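Subject: Structure for you to look at

Hello,

Here is the structure I said I would pass on. Please open it next to this email and follow along.

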Amino acid sequence: YLKGAQTVSMFESFVGEANFRKAVQLHLNRYAYRNATAEDFFASVAEASGNADVVPALRSFTDQTGVPLVTVRDSTSGITLSQSRYVPLGIATDRMMRRWQIPLCLSRGEGKTCTLLKEASTTLPPLTGTSPALVPNAGGAGYYRFSLDEAGWDRLISTAAALPEREAMVVADSIWAEFAAGRTDFTRVRRAAEALARHPSRSAALILPRKLAEIADTLLPEADVPAYRALMRGLLASRPEMAGFDPANANTGTPAEQGWREWLMPLLALEARDPAVRAALKAAASSSLAGDAAALAPAYRRTALAVLVQDGGIPAADQLFAALKASNDPLFRAQAAGALGAVEGAAAIAHVQGLAMGEGLISRERTTILASLTFNRDGRDATTKYVADNFRKVVESFPGFSRASIINFFDGYCSRDAITRVEGLIRPNLATLGGGELELAQTKERIGQCAALKEAKGAEISSALAR
């Protein structure tokens, strides 16, 4: 669905909004009360826009898998473009050669040029403009990733905070994709994250911090966690939107500021471990569980309760579990179940595993607690072992339609050995789960991709964080 939406957006930009609107109107009128195919729609767009190239170009995106990668080399003599399939580290691809017809626009400040990249490579004339940086996906409309040389990336990163929202988002996506494919280093990713953290759009500013959170959860050694948390505080703690933060009221400030705080709160409290934010949330959570319902806004509750059990251990987990069982509020119960899985320390993790399988919960809440424990790097090993040792008991506590979701408990692993372990546990039990072949294949692929990135870039990440 995401590919479909972005492809439609790309071709709307290619033919122009007015022509695309005419195409949709033509298509709906022509096929009213009738069936129509994708080819019929392509023909409608071509006819309304007067551009026959649309049909084979659209086919190139709907008839083959994969994401295009456009490699851009920018010089005073011209801009060289070449296309290939984007492939991250750890992903085996088929041998089928792919060639797209890519509607592609580039900008340099106010200067802009567009082309339909049909061949493996082509060269465009130099592009002049008011910025030194070339944006290879002008307007962020294109469904492709781009690759630049070091100088090109450095120029683009230096201007990233001032780019329009969608352009900033594709910069974040493509720089991370470059890193995940082994074509750029972590120091450049860090510089991009620092630049984009100043962007006014939370959609653009938080893409790379969330990617950093993923690698911290999966492949980062424990010794590097303090440096990671310091980096996250540096990226996010100074956002001006946090000036109006009140745990009891999520509605202060403008709607944009409210949205920023809701997105920032889990990152600052649970990833950056910001002391001031955690103290405020913990105090509000304690007051809320003590009976002051107004002390903690529902928008912050899941994060605040997680902080409470992380700092409070078994007593706090028991207090929260009792409140969960006593509550008739489905939102509170769901938030409390998720927060229980954030507990840290071997004894507390084992205790919460027992609570998850105890009385007073519905099956969805058991699933949530155990899943949250496996998404918690501190609880992952102990909880997947618990699941393996008590497999039938755990599976039977899940509703039948969601039993295959237990495979996702292993998503956070990042080693070749983990692939063997999840295969050995799940493969013989697929019948018990009622299916799960696809989920098993996807989980093994994610683990393999993470392991390949760790092998190729782990030492580099550690070195960059230590600076």
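Below are some notes on one helix pair and on a few salt bridges.

Please keep in mind that this is a predicted model.

Start with helix H6 (residues 165–180) and helix H7 (residues 186–196). Their axes are 10 Å apart and the packing angle is about 165°. Angles over 145 degrees count as roughly antiparallel, so that is how H6 lies relative to H7. The crossing of the two is left-handed. On the H6 side the contact is made by Ala168, Ala172, Ile175, Trp176 and Phe179, and on the H7 side by Phe186, Arg188, Val189, Ala192 and Leu196. Sorted by class, nine of these residues are nonpolar, none is polar and one is charged.

Next, the salt bridges, of which the count is 27. Aspartate 154 forms one with arginine 188, at 3.0 Å from N to O. This links helix H5 (residues 150–159) to helix H7, across 34 residues of the chain. Arginine 188 is buried, with 6% relative accessibility, while aspartate 154 is partly exposed at 31%.

Aspartate 154 also forms a salt bridge with arginine 191, where the closest N and O atoms are 2.7 Å apart. Arginine 191 also lies in helix H7, 37 residues from aspartate 154 in sequence.

Another salt bridge joins glutamate 222 and arginine 377, with 3.2 Å between the closest N and O atoms. Both lie in loops, and the pair ties together parts 155 residues apart in sequence. Glutamate 222 is exposed at 55%; arginine 377 is partly exposed at 31%.

Finally, shared partners join Asp154, Asp185, Arg188 and Arg191 into one salt-bridge network.

Regards

Note on methods. Residues numbered from 1 in each chain as written. Predicted model: local features only at pLDDT ≥ 70, side-chain atom pairs only at ≥ 80, totals over all residues. Heavy atoms only, no water. Axes fitted to C-alpha atoms, helices over the stretch in contact; angles between N-to-C directions. Helix = DSSP H or I, 4+ residues; strand = E, 2+ residues; numbered from the N terminus. Parallel < 35°, antiparallel > 145°, perpendicular 65-115°, else oblique. Left-handed = near helix turned anticlockwise from the far one by under 90°. Contact = heavy atoms within 4.5 Å. Nonpolar A, V, L, I, M, F, W, Y, C, P; charged D, E, K, R; others polar. Salt bridge = Lys/Arg side-chain N within 4 Å of Asp/Glu carboxyl O. Buried < 20%, exposed > 50% of the residue type's maximum accessible area, 1.4 Å probe, protein only.
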